[in-house]
Amino acid sequence: MALIVQKYGGTSVGSAERIKNVARRVAKWHEAGHQVVVVVSAMSGETNRLIALAKEIQPLPDPRELDVVASTGEQVTIGLLSMALLALGHKARSYTGAQVAIRTNSAFTKARIESIDADRLKADLAQGVIPVVAGFQGVDAPGNITTLGRGGSDTSGVALAAALQADECQIYTDVDGVYTTDPRIVPEARRLDTITFEEMLEMASLGSKVLQIRSVEFAGKYKVRLRVLSSLTPWDLPLEQESRSGTLITFEEDENMEQAVVSGIAFARDEAKIIVVGVPDRPGIAYQILSAVGEANIEVDMILQNQSVAGFTDFTFTVGRGDYARALDILKSTVQAHIGAKEILGDPKVCKVSIVGMGMRSHAGVASKMFRTLSEEGINIQMISTSEIKVSVVIDEKYMELAVRSLHKAFDLDQNA
């Protein structure tokens, strides 16, 4: 008997019939003798609908009240799924994040989990009850409802698995695993049977939408065995077959096989580039530029500082496209005059394309092969960032799909490779 945490995304619970199928799948695992905790998202499209409704009332919704509204989507799902399990003859009980006591900080709309009190869930499991928990949400110290940001239900699932010391956390979604890249861009993309946590962490941080990056961080930190599966496969597949399907996210030291040089191609479409031109080249200047942006809760990604010429340099960095206008405004209104920069420029139509692979640690020439491939397609590289297992470039957005397809082929990631 194993303790399994299963997380189901919005598409998986997108209709009453799909919720019934989730209940049948959960019941299958429970009837096989496993203890199961279920974490669910809001029904597909529901969170967007709630946020749009809030914006009709208040164009820039108050973050605390927005969390109150947005968190109700999951509350509907946990109630419906618990009903579906009860209808199948299984004991089930629904819980909001606050009822479980998923404690977070007070950063509304993008809160971080600080602790989880799993005693209530453990008591349920001991009595044969299936707890159904609302993902994406928690409660801060003063008792306010908080949400964890887009994809936060993945983090809820992995965090609960860590708190319960579960044998496996299964992330059920609308894809059947982790692919070498998005099959919608490259139809020849292959599903990976396994991928290391380090590779998955890079893929998630670089734009892969399969898992939220914080869920992978949690899994790696607490050694949670993580598997990505499809909820759209028939619910009555033999348990033995289902338990070995999808993609297992594992630890490098557990794998004896030689790693592929490049395991996947990730991309982020919604990027924007900001250039602070003519910055005095003196100690602390990077802090003065980025601290103002950071205090506005805007995440900075790639950073490039040019070589100083006559005591001045250019400072370039990227942010999410949704934060672009706000970041520009902050720099022009509060930073430019203070630091003596000549000009603030920006480009909201760039993207980031990355190659990721553990094998890059032991193979030379990977970056040059990437640059040559892009050069042969006439794609200009604007910024470069590297680590031991990835190389990322910023390019013009219009070349993104061409770049991904070309790199996927160049590194032999196609189905027929």
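This is a predicted model: local features need pLDDT of at least 70, side-chain atom pairs count only at pLDDT 80 or more; totals for chains, interfaces and linings use all residues.
Visitor: At what angle do helix α11 and helix α12 pack?

Guide: Axes are lines fitted to C-alpha atoms, for helices over the stretch in contact, and angles run from 0 to 180 degrees between N-to-C directions. The elements themselves are DSSP runs numbered from the N terminus: helices are H or I with at least four residues, strands are E with at least two. In this model, α11 (residues 285-295) and α12 (residues 324-339) meet at about 160°, and their axes lie 10 Å apart. The two helices are therefore roughly antiparallel to each other.

Visitor: What is the handedness of the crossing of α11 and α12?

Guide: A crossing is left-handed if the near helix is turned anticlockwise from the far one by less than a right angle, and right-handed if clockwise. For α11 and α12 the crossing is right-handed. Contact means heavy atoms within 4.5 Å. On the α11 side, the contact is made by Ile285, Gln288, Ile289, Ala292 and Val293; α12 contributes Ile330, Leu331, Thr334, Val335, His338 and Ile339.

Visitor: How many nonpolar, polar and charged residues has the contact of α11 with α12?

Guide: Ala, Val, Leu, Ile, Met, Phe, Trp, Tyr, Cys and Pro count as nonpolar, Asp, Glu, Lys and Arg as charged, and the others, Gly among them, as polar. By these classes, the contact of α11 with α12 has eight nonpolar residues, three polar ones and no charged ones.

Visitor: How do helix α7 and helix α9 pack, and what is the angle?

Guide: Helix α7 (residues 152-164) and helix α9 (residues 213-221) pack at about 10°, with their axes 7 Å apart. They are therefore roughly parallel to each other, and α7 passes α9 in a left-handed crossing. The residues in contact are Asp154, Thr155, Val158 and Ala159 of α7 with Arg214, Ser215, Phe218 and Ala219 of α9. By class, four are nonpolar, two polar and two charged.

Visitor: Turning to sheets, what is the order of the eight strands in the open sheet?

Guide: Strands of a sheet pair through backbone hydrogen bonds, either parallel or antiparallel. Here, two strands pair if DSSP finds at least two bridges between them. The order is β3-β6-β2-β1-β9-β11-β12-β10, with mixed pairing. Strands β3 (92-95) and β10 (194-196) stand at the edges with a single partner strand each, so one side of each is left without a neighbour in the sheet. From one strand to the next, the twist averages 20°.

Visitor: Which way do β1 and β2 run, parallel or antiparallel?

Guide: Strand β1 (residues 3-8) and strand β2 (residues 35-40) run parallel and are joined by six bridges. Leu3 has Gln35 as its bridge partner in β2. Helix α7 lies across β1, β2, β6 (130-134), β9 (168-173) and β11 (226-230), running at about 170° to β1.

Visitor: What is the order of the open sheet of six strands?

Guide: The order is β14-β15-β13-β16-β18-β17, with antiparallel pairing. Its edges are β14 (300-305) and β17, each with a single partner strand, so one side of each is left without a neighbour in the sheet. The twist averages 30° from one strand to the next. Strand β13 (residues 264-280) and strand β16 (residues 343-356) are joined by eleven bridges; Ala266 pairs with Ser354 of β16. Helix α8 (residues 197-205) packs on the sheet, touching β13, β16, β17 and β18, and its direction makes about 150° with that of β16. Helix α13 (residues 366-376) also packs on the sheet, touching β16, β17 and β18, at about 20° to the direction of β18.

Visitor: How many residues lie between β14 and β15 in their hairpin?

Guide: Six residues lie between them, and Ala310 in the turn has a positive phi of about 55°. Four bridges join β14 to the antiparallel strand β15 (residues 312-320), where Val319 stands opposite Val300. A further hairpin joins β17 to β18 through two residues. Strands β17 (residues 383-387) and β18 (residues 390-396) run antiparallel with five bridges, and Met383 has Val394 as its partner in β18.

Visitor: Is Thr196 buried or exposed?

Guide: Buried means under 20% relative accessible area, exposed over 50%, and partly exposed in between, with a 1.4 Å probe and protein chains only. Thr196, which lies in strand β10, is buried, with a relative accessible area of 2%. The C-alpha atoms of Thr196 and Gly357 are separated by 9.2 Å, although the residues are 161 apart along the chain.

Key. Residues are numbered from 1 along each chain as its sequence is written. Side-chain values use heavy atoms; hydrogens and water are left out. Angles under 35 degrees count as roughly parallel, over 145 as roughly antiparallel, 65 to 115 as roughly perpendicular and the rest as oblique.
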